[in-house]
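Trainee: I would like to learn how to read a helical model. Please take me through it feature by feature.

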Amino acid sequence: MAGDPEIAAAFVRRFQSRVFGVAIGVVGDAQLAEDIAQQTFEQAYRHAQVYDPRRGSVRTWLSAIAHNQAIDALRAHKATPVAPADLEDMVETVTDTPERYALTAEAAVELRRAVAALPRDQARAVVMAGIYGMTAQQVADFEKVPLGTAKTRIRAATGKLRASLATRQVDHD
């Protein structure tokens, strides 16, 4: 593949839908999934010499790279902690005018509606994690479900909320 652009293009065409499918399945965002797919092929190109066909097919190898890239992308997009002093400024910025207050209140109403539309188990999980700051393990313990189930509920709910709010944002524009 290295050095021949036509072979590289054929390689990408052959596996691009699989790589994109893995990425979108993890991140739930088409634009981010496209970026991850590109990074996956770049990483495969840079490390093609370490591919070992005895360990799995090229498809499996690329899927693993895409999955790992997607997980890394999700970790990079996690919320960053805010210092309490900065938080006060942020709150004032969001609510310091009547117009901003109205927009904030409208966004809160939309968020409440979106949470209410979720399946009950997912709504509980995302509220515990997102509002009360509980870890996935704490959610699992509280709900008496396996950790993986709690993570799945939180991730599914977050994806649905993101999609729901993005749709509503487009409707308002």
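Trainee: What should I know about the source before reading anything?

Mentor: This is a predicted model, where local features need pLDDT of at least 70, side-chain atom pairs count only at pLDDT 80 or more, and totals for chains, interfaces and linings use all residues. Residues are numbered from 1 along each chain as its sequence is written, and side-chain values use heavy atoms, with hydrogens and water left out.

Trainee: How many helices and strands does the protein chain have?

Mentor: Start with the definition. Helices (H or I, at least four residues) and strands (E, at least two) are DSSP runs, numbered from the N terminus. Here the protein chain has eight helices and zero strands. Along the sequence the pattern reads α-α-α-α-α-α-α-α.

Trainee: How do I read burial, and what share of the protein chain is buried?

Mentor: Buried means under 20% relative accessible area, exposed over 50%, and partly exposed in between (1.4 Å probe, protein chains only). Of the 173 residues in the protein chain, 23% are buried. For the surface, areas come from the Shrake-Rupley method with a 1.4 Å probe; for residues, only the protein chains shown count as cover. The protein chain exposes about 12000 Å². Carbon and sulfur atoms supply 56% of that area.

Trainee: What share of the contacts joins residues at least 24 apart?

Mentor: A contact means heavy atoms within 4.5 Å. Take the contacts in the protein chain between residues at least 6 apart in sequence: 54% of them join residues at least 24 apart.

Trainee: Which residues make up the largest nonpolar core?

Mentor: A nonpolar core is a set of buried Ala, Val, Leu, Ile, Met, Phe, Trp, Tyr and Cys residues joined through side-chain atoms within 4.5 Å. The largest one has 10 residues: Phe11, Phe15, Val19, Val22, Ala37, Phe41, Ala44, Leu62, Ile65 and Ala66. Helices α1 (5–27), α2 (30–46) and α3 (58–76) each supply at least two residues of this core. α1 gives the most, with four residues.

Trainee: Which residues does Leu62 touch?

Mentor: Leave out residues up to four places away in sequence. Leu62 then touches Phe11, Phe15, Val19, Thr40, Phe41 and Ala44.

Trainee: Where is Phe41, and is Phe41 buried or exposed?

Mentor: Phe41 sits in helix α2. Phe41 is buried, with a relative accessible area of 12%. Beyond four places in sequence, Phe41 touches Phe11, Val12, Phe15, Gln16, Val19 and Leu62. Phe41 and Ala66 are 25 residues apart along the chain, yet their C-alpha atoms are separated by 8.6 Å.

Trainee: And Thr40: buried or exposed?

Mentor: Thr40 also belongs to helix α2. Thr40 is buried, with a relative accessible area of 0%. Leaving aside neighbours within four places in sequence, Thr40 contacts Val19, Leu62, Ile65, Ala66 and Gln69.

Trainee: How do I read helix packing, and at what angle do α1 and α3 cross?

Mentor: Axes are lines fitted to C-alpha atoms, for helices over the stretch in contact, and angles run from 0 to 180 degrees between N-to-C directions. Angles under 35 degrees count as roughly parallel, over 145 as roughly antiparallel, 65 to 115 as roughly perpendicular and the rest as oblique. The axes of α1 and α3 come within 9 Å and cross at roughly 40°. α1 and α3 are therefore oblique to each other. On the α1 side, the contact residues include Phe11, Phe15 and Arg18. On the α3 side, they include Val58, Arg59 and Leu62.

Trainee: At what angle do α2 and α3 pack?

Mentor: The angle is about 130°, with the axes of α2 and α3 9 Å apart. So α2 and α3 are oblique to each other. Among the residues that meet are Leu32, Ile36 and Thr40 in α2, and Trp61, Leu62 and Gln69 in α3.

Trainee: Where is Lys144, and what is its phi near?

Mentor: Most residues other than glycine have a negative phi. Lys144 has a positive phi, near 60°. Lys144 lies in the loop between α7 and α8 (147–172). Lys144 is exposed, with a relative accessible area of 73%.
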